[in-house]
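Here is a report on one protein structure. Please read it with the sequence and model in view.

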Amino acid sequence: PPPAHHHESRSRVCTQKKAIEETRDGLHPADHFYYADEFNLSWMPTLKAIWGPKGQQVMIPTPAQPKKRYGIGAVDYHTGESVVLIRRRKRRREVAELLEALLEKHPTGIVHVAWDNSNTHEDEEIEAVLRAAAGRLVLLYLPTYSPWLNPIEMLWRHFRREVTHCELFPNIKKLVEAAYDFFARYNRCPWRTLSIIGSNPAEIT
């Protein structure tokens, strides 16, 4: 594409990014701002470079029939707390469940959720949650194909490094348990999550 096309794309991305960050950083004390996204959870171990004896290839065991689960989650940019659901399917219903869980967690104030514009994020089930929230839920859409603008991606990366890299669990149930345990542990020390996602609450407040 001609340079002008790139210039327009960058301009649009910068405009959306600025609008979302202004909402995030100018939040009312009673409100909450989340970044949300989905991730795949496979029984097949994720791989990374590891040390091994010289001249020997390290073998990572794999399941005969790798099963999958799907995670949908959100992280509070101000507090570092996360809400993560792991389900058998990745549908609009599961996305709506996450939004309902955030509203249940915060019975007062406005909950802002920034995520990408996946088609699972725009549907009648999502609209139904919005209507039921009666103005307490605001959805913000990140620019297309810009995962680097979503800090929760860094939390997913840290999760894989700590839980799934080169690790074969006895079964999919144990993998799901380990995933929930990871997010529960980090919710007990949310300052670690703030560091992972690059948030500085001192600057925000």
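## Phe183

Phe183 lies in helix H5. Helices here are DSSP runs of H or I with at least four residues; strands are E runs of at least two, and both are numbered from the N terminus. Phe183 is buried, at 4% relative accessible area. Buried means under 20% relative accessible area, exposed over 50%, and partly exposed in between (1.4 Å probe, protein chains only).

Phe183 touches Phe39, Ser82, Val84, Leu155, Trp156 and Phe159, leaving aside residues up to four places away in sequence. A contact requires heavy atoms within 4.5 Å. Phe183 and Glu81 are 102 residues apart in sequence, yet their C-alpha atoms are 8.8 Å apart in space.

## Basis of the model

The model is predicted: local features need pLDDT of at least 70, side-chain atom pairs count only at pLDDT 80 or more, and totals for chains, interfaces and linings use all residues. Residues are numbered from 1 along each chain as its sequence is written, and side-chain values use heavy atoms, with hydrogens and water left out.

## Helices H5 and H6

Two packed helices are described by the angle between their axes and the distance between the axes. H5 spans residues 172–188 and H6 spans residues 190–197. They pack at an angle of about 105°, with axes 5 Å apart. The axes are lines fitted to C-alpha atoms over the stretch in contact, and angles run from 0 to 180 degrees between N-to-C directions. H5 and H6 are therefore roughly perpendicular. Angles of 65 to 115 degrees count as such, those under 35 as roughly parallel, those over 145 as roughly antiparallel, and the rest as oblique.

From H5, Tyr186, Asn187 and Arg188 take part in the contact. From H6, Pro190, Trp191, Arg192, Thr193 and Ile196 meet them. The contact residues divide into 4 nonpolar, 2 polar and 2 charged. Nonpolar covers Ala, Val, Leu, Ile, Met, Phe, Trp, Tyr, Cys and Pro; charged covers Asp, Glu, Lys and Arg; the others, Gly among them, are polar.

## Strand E2 and its partners

Strand E2 covers residues 68–76. It is mostly covered, with 7 of its 9 residues buried. Strand E1 (residues 32–42) runs antiparallel to E2, joined by 9 bridges. Two strands pair if DSSP finds at least two bridges between them. Phe39 stands opposite Gly71 in E2.

E2 also pairs with strand E3 (residues 82–87), antiparallel over 6 bridges. Here Ile72 stands opposite Leu85 in E3. E2 and E3 form a hairpin with 5 residues between them. In the turn, Gly80 has a positive phi of about 85°.

## Salt bridges

Side chains of opposite charge can pair when their charged atoms come close. The whole structure holds 10 salt bridges. Each is a side-chain nitrogen of Lys or Arg within 4 Å of a carboxyl oxygen of Asp or Glu. Arg24 pairs with Asp25, with the closest N and O atoms 2.7 Å apart. Arg24 is buried at 8% relative accessibility, and Asp25 is partly exposed at 38%. Glu94 and Arg91 form another salt bridge, with closest N and O atoms 2.7 Å apart. Glu94 is buried at 7%; Arg91 is partly exposed at 38%.

Within H5, Lys174 and Glu177 are 3 residues apart, so about one helical turn separates them. Their side chains meet in a salt bridge (3.7 Å, N to O). Lys174 is partly exposed at 40%, as is Glu177 at 38%. Elsewhere, salt bridges that share partners join Arg93, Glu100 and Glu125 into one network.
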